[in-house]
Amino acid sequence: MTAVQAESLITEGVRSLEVRWIFPGQLEAAVARWFGRFPAGTESREDAYLLDPQLRGLSVKVRGGGALEVKAYRGSPGIMEVPGRARGRMESWQKWSFPFSPLRPGSGGPPGWRTVRKRRRISRFPPASGQIVARGQGLGQQPRCEAELTEVHTSGQHWWTLGFEATGPAGLLRSTLQAAAVLVFAQALPGRVEPGPDESRSYALWLGQRPGADSDADA
């Protein structure tokens, strides 16, 4: 990446179009096998989200203890739908990331922050193409969509989430996301699970709405 490109990412941020569904309980092996149809990279990390004070239209987190990530919500272009398989609310975001590590891993963070432990499976898809590309480096700012299946542990509870994040030129985001979703949902989720708008939300919104999650000290 050139110095000009790096400066542009800092000043303008990265634009993305995302849809995510979040479900209670532990991830079932059948769902993991369903997602395992595609080559995927895996990672485990601990993120800390700022919940208090609430910053309207902003999501702030410390990602993996090594970066401060700020995301600004830019509205929703509507519902992403794969007929008979999934419907979810798309969200437009602009994201900035800076090297930063104010929280000690495993500390739970100071008041107002919520720790979320994640085990992520990630596949990358090129735009409007039937070819599957596993997670890797070197794609730069080319349009792509990441499909992510993640096990989540926070406040002593288990959850799992399925999400899509398209990045690249603004005019290609929706088609890139839709193409990846069509490929992933070519087979229905096991157990007659059909992701819908009721389960569709961002991490920040979900964490802010969850009742009774006071501390991650025992997580």
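## Strands, rings and buried residues in a predicted model

At 16% relative accessibility, Trp 159 counts as buried, because the limit for that class is under 20%. The structure described here is a predicted model.

**Aromatic pairs**

Ten aromatic pairs are present in the structure. In one of them, the ring centres of Phe 38 and Phe 125 are 5.7 Å apart and the planes meet at 70°, so the pair is edge-to-face. This pair joins distant parts of the chain, 87 residues apart: Phe 38 belongs to the loop between helix H2 (29-35) and strand E2 (41-50), and Phe 125 to strand E7. Phe 38 is buried, with a relative accessibility of 10%, and Phe 125 is buried at 1%.

Trp 159 and Trp 206 also form an edge-to-face pair, with 5.0 Å from centre to centre and 75° between the planes. Here too, distant parts of the chain are linked: Trp 159 lies in strand E10 and Trp 206 in helix H4 (residues 203-209), 47 residues apart. Trp 206 is buried, at 4% relative accessibility.

Two lysines lie over aromatic faces, as the table shows.

| Lysine | Ring | Distance to ring centre |
|---|---|---|
| Lys 71 | Trp 93 | 4.8 Å |
| Lys 118 | Tyr 203 | 4.0 Å |

**Strand E9 and its partners**

Strand E9 (residues 144-154) is mostly covered, with ten of its eleven residues buried. E9 pairs with E7 in the antiparallel sense over nine bridges, and Cys 145 in E9 is the bridge partner of Phe 125. E9 also pairs with E10, again antiparallel, over eleven bridges; Leu 149 has Leu 162 in E10 as its bridge partner. The hairpin of E9 and E10 has two residues between the strands, and Ser 155 takes a positive phi near 50° there.

Thr 161 is located in strand E10 (residues 157-167) and is buried, with a relative accessible area of 0%. The side chain of Thr 161 makes a polar contact of 2.9 Å with that of Arg 20, and a polar atom of the Thr 161 side chain lies 2.9 Å from the backbone oxygen of Trp 21. Beyond its neighbours within four places in sequence, Thr 161 is in contact with several residues, including Glu 148, Leu 149 and Tyr 203.

Phe 100 occupies the loop between strand E6 (86-99) and strand E7 (113-125). Phe 100 is partly exposed, at 40% relative accessible area. The C-alpha atoms of Phe 100 and Gly 65 are separated by 7.5 Å, although these residues are 35 residues apart along the chain.

Technical notes: Residues are numbered from 1 along each chain as its sequence is written. This is a predicted model: local features need pLDDT of at least 70, side-chain atom pairs count only at pLDDT 80 or more; totals for chains, interfaces and linings use all residues. Side-chain values use heavy atoms; hydrogens and water are left out. Helices (H or I, at least four residues) and strands (E, at least two) are DSSP runs, numbered from the N terminus. Buried means under 20% relative accessible area, exposed over 50%, partly exposed in between (1.4 Å probe, protein chains only). A polar contact is a pair of N or O atoms within 3.5 Å; within protein, one must be able to donate a hydrogen and the other to accept it, and residues adjacent in sequence count only if both atoms are side-chain atoms. Contact means heavy atoms within 4.5 Å. Two strands pair if DSSP finds at least two bridges between them. Rings of Phe, Tyr and Trp (its six-membered ring) pair if their centres lie within 6.5 Å; planes under 30 degrees apart count as stacked, over 60 as edge-to-face and the rest as tilted. A charge sits over a ring if NZ of Lys or CZ of Arg is within 6 Å of the ring centre and within 35 degrees of the ring normal.
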